[in-house]
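I opened my notebook to look up salt bridges. I wanted to see where they sit.

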Amino acid sequence: MPSFELAVVDNNVLAALGMQQLLKDLIPMTEVRLFSDFGQLEAADEGQFAHYFVASRIYFEHVGFFRRLGRRAIVLVNGDMQIAGMPTFNVCQSETALVKTILGLYHRGHPQGHQHTDTDSASLLSPREIEVAILLAKGLINKEIADRLNIGLTTVITHRKNIMEKLRARSLADIIVYVIMNGLVDVGEL
């Protein structure tokens, strides 16, 4: 059973579906409900949503409602637009930046969330693979990792390949999620 619910309010179906999938991937214990307009949200809302990710156009049309929610409402913006007193989420970022932003929001609101207790997951990688995964998450390239760990470039590439396979990772973002969710690195270090 999900530990909490999130709402995504956006009439752009592709953007809403993408946001829903990203949130489900990063915070698996949540239920993410989609609403294509404010009327749908209003009909379904009984105060059960921990956060409301709302398109800026819909936010500005119903500013009174979302302002009452305070920091639970997160306005989806294109670029670095700021809205006084409201948290914003720039949807025009790289996948890695989106992951970092969402995990940062999650950990600020739910600080206990990064203590992952699944021992099978924690022991999935070897100690050296964990070191490589942490350095990858911090943005180092293969050559920099090789230099930092005093190992060969081919060895780093092999570790990276093994990490991707063991985690069933599709991208670097999945590695970042793994190291943060397992408490191997704090979001602030990235």
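I count a salt bridge when a side-chain nitrogen of Lys or Arg lies within 4 Å of a carboxyl oxygen of Asp or Glu. The model I am reading is predicted.

Entry: the count. By this rule I get 8 salt bridges. Asp25, Arg170 and Asp174 are linked in a network of them.

Entry: helix α7. I looked up Glu131 and Arg128. Their side chains meet in a salt bridge, with N to O at 3.1 Å. Both residues lie in helix α7, which covers residues 127-137. They are 3 residues apart, about one turn of the helix. Glu131 is partly exposed, at 35% relative accessibility. Arg128 is partly exposed too, at 29%.

Entry: a link between helices. Lys166 forms a salt bridge with Glu129, and their closest N and O atoms are 2.8 Å apart. This pair links distant parts of the chain. Lys166 sits in helix α9 (residues 153-167), Glu129 in helix α7, and 37 residues separate them. Which of the two is buried, and which is partly exposed? Glu129 counts as buried because its relative accessibility is 4%, under the 20% cut-off. Lys166 is partly exposed, at 38%.

Entry: helix α9. Glu165 forms a salt bridge with Lys161. I noted 3.4 Å between the closest N and O atoms. The two residues are 4 apart in helix α9, so about one helical turn separates them. Glu165 counts as exposed because its relative accessibility is 51%, and the cut-off is over 50%. Lys161, at 45%, counts as partly exposed.

Technical notes: Residues numbered from 1 in each chain as written. Predicted model: local features only at pLDDT ≥ 70, side-chain atom pairs only at ≥ 80, totals over all residues. Heavy atoms only, no water. Buried < 20%, exposed > 50% of the residue type's maximum accessible area, 1.4 Å probe, protein only.
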